[in-house]
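Okay, thanks for making time, everyone.

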Amino acid sequence: LTDSWRFSATSRFLGARHVVQPWVGLTHLDVSRNKISALDSESLNLLPSLTQLNLSFNEFEHFDFDQLTLPALLKLNISYNKLGLLSPSQLPIRRLHELDLSHNRLHKLTGVNCFSNLQFLNVRNNYLASLKELDCLLYLKHLTELNVLGNLFAQKRNHRLPVFAKFKSKGTEFALDGQKITSA
């Protein structure tokens, strides 16, 4: 899905409303490995039933969650991009349960706390240097699994203990890098 195809397809869809109807029921969309660098929110408006979106292995450097106008979205994969910056949404995005931001260039997790029902977050292999970057995740009441391996702070020998301590209020159901809190 290249930018030119998207523009052409969107123009045709908007011009011929009867063609749009099949897109309304689409629940899964995989546009990975397409050199996409920006979202087109007008095109996303054509996908109100989308529950899973895979944007991995593209060329995003910035991601603005306000462009994520998908009311049914539960799972978002933006791994293996060039993300250095996330723009927080002005409105809480309540439906999203899984977010994969692994293998990017993130120094901060600003914006992730807008996903109030997030259960799974993968931020492996980014540039998070300080454990304090995880503080914004403490407000995510439903977070049960977090992956942080490969970040700068996680290169310390005992990085798991302070992370578990930070999330101890989550109880024994909380998993860090695939291991439950009781196995720390």
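Let's start with N77, which sits in strand β4. Keep in mind that what you're looking at is a predicted model. The side chain of N77 makes a polar contact with the side chain of S79, at 2.6 Å. If you skip its neighbours within four places in sequence, N77 is also in contact with L53, N54, L55, S56 and D100.

Now, follow the chain out of that strand. Between β4, which is 75–77, and β5, which is 85–87, there's a loop, and Y80 is in it.

You'll find H103 in the loop between β6, residues 98–100, and β7, residues 120–122. Buried or partly exposed, then? H103 has a relative accessible area of 26%, so it goes down as partly exposed. The cut-off for buried is under 20%.

Q67 is in the loop that runs between β3, 62–64, and β4. At 27% relative accessibility, Q67 is another one that counts as partly exposed. Which residues does Q67 touch, once you leave out those up to four places away in sequence? They are L39, S41 and L44. Then there's D40: Q67 and D40 are 27 residues apart in sequence, and their C-alphas are 7.7 Å apart in space.

Okay, zooming out to the whole chain. We have 4 helices and 10 strands. Reading from the N terminus, the order goes α-α-β-α-β-β-β-β-β-β-β-α-β-β. The chain has 184 residues, and 43% of them count as buried.

What about contacts across the sequence? Take the contacts with a separation of 6 or more: 41% of those are between residues 24 or more positions apart.

Last one, the surface. The chain exposes about 9800 Å², and 52% of that is supplied by carbon and sulfur atoms.

That's my tour, so over to you for questions.

Notes: Residues are numbered from 1 along each chain as its sequence is written. This is a predicted model: local features need pLDDT of at least 70, side-chain atom pairs count only at pLDDT 80 or more; totals for chains, interfaces and linings use all residues. Side-chain values use heavy atoms; hydrogens and water are left out. Helices (H or I, at least four residues) and strands (E, at least two) are DSSP runs, numbered from the N terminus. Buried means under 20% relative accessible area, exposed over 50%, partly exposed in between (1.4 Å probe, protein chains only). Contact means heavy atoms within 4.5 Å. Accessible areas come from the Shrake-Rupley method with a 1.4 Å probe; for residues, only the protein chains shown count as cover. A polar contact is a pair of N or O atoms within 3.5 Å; within protein, one must be able to donate a hydrogen and the other to accept it, and residues adjacent in sequence count only if both atoms are side-chain atoms.
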